[in-house]
Amino acid sequence: MNLRPATADDVESIREVARASLSASYGHAVDETLLADAVEKWYAADDVDEAVTDPDTVFPVVVVDDRIVAFAESYVVDR
């Protein structure tokens with residue numbers, strides 16, 4: 001297992017993990033079309049790309065056997 005910052009090359013893998021996570025969590029109760037729409041809304045490729053390259057976003061990924069299996073997303077805000 002390796003924990004590292006996400007890069008622009010990871011965008012599709014991050015979206016796949018988001019899709020799998022939503023499906024595992026809510027697939028029993030929510031239509032797959034709705035889950036796919038949620039991924040497009042919450043994890044649009046352009047938005048994820050922008051987030052992983054933004055210095056004010058902390059976006060680590062977990063890599064196992066050269067495959068992203070998890071991620072987290074946090075924002076640094078001024079107070």
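**The sheet and its aromatic cluster**

Modeller: Three strands make up an open sheet, ordered β1-β3-β4, with antiparallel pairing. Strands here are DSSP runs (E, at least two residues), helices are runs of H or I with at least four, and both are numbered from the N terminus. Two strands pair if DSSP finds at least two bridges between them. β1 (2-5) and β4 stand at the edges with a single partner strand each, so one side of each has no neighbour in the sheet. On average, neighbouring strands are turned by 40 degrees against each other, direction ignored.

This is a predicted model: local features need pLDDT of at least 70, side-chain atom pairs count only at pLDDT 80 or more, and totals for chains, interfaces and linings use all residues. Residues are numbered from 1 along each chain as its sequence is written, and side-chain values use heavy atoms, leaving out hydrogens and water.

Now look at β4. Four bridges join β3 and β4 in the antiparallel sense. V64 stands opposite R67 in β4. Helix α1 lies across β3 and β4, at about 60 degrees to β4. That angle is between N-to-C directions and runs from 0 to 180 degrees; the axes are lines fitted to C-alpha atoms, for helices over the stretch in contact. Contact means heavy atoms within 4.5 Å.

Next come the rings. The structure has two aromatic pairs. Rings of Phe, Tyr and Trp (its six-membered ring) pair if their centres lie within 6.5 Å; planes under 30 degrees apart are stacked, over 60 edge-to-face, and the rest tilted. Y43 and F71 have ring centres 5.7 Å apart and planes at 80 degrees, so this pair is edge-to-face. Y43 sits in the loop between α2 and α3 (45-53), while F71 is in strand β4 (residues 67-71), so the pair ties together parts 28 residues apart in sequence.

F71 also pairs with F59: the centres are 5.7 Å apart and the planes at 25 degrees, so that pair is stacked. F59 lies in the loop between β2 (57-58) and β3 (60-64), so this pair ties β4 to a part 12 residues away in sequence. Together, Y43, F59 and F71 form one aromatic cluster.

How accessible are its members? F59 is buried, at 6% relative accessible area. F71, at 22%, counts as partly exposed. The cut-offs are under 20% for buried and over 50% for exposed, with partly exposed in between (1.4 Å probe, protein chains only).
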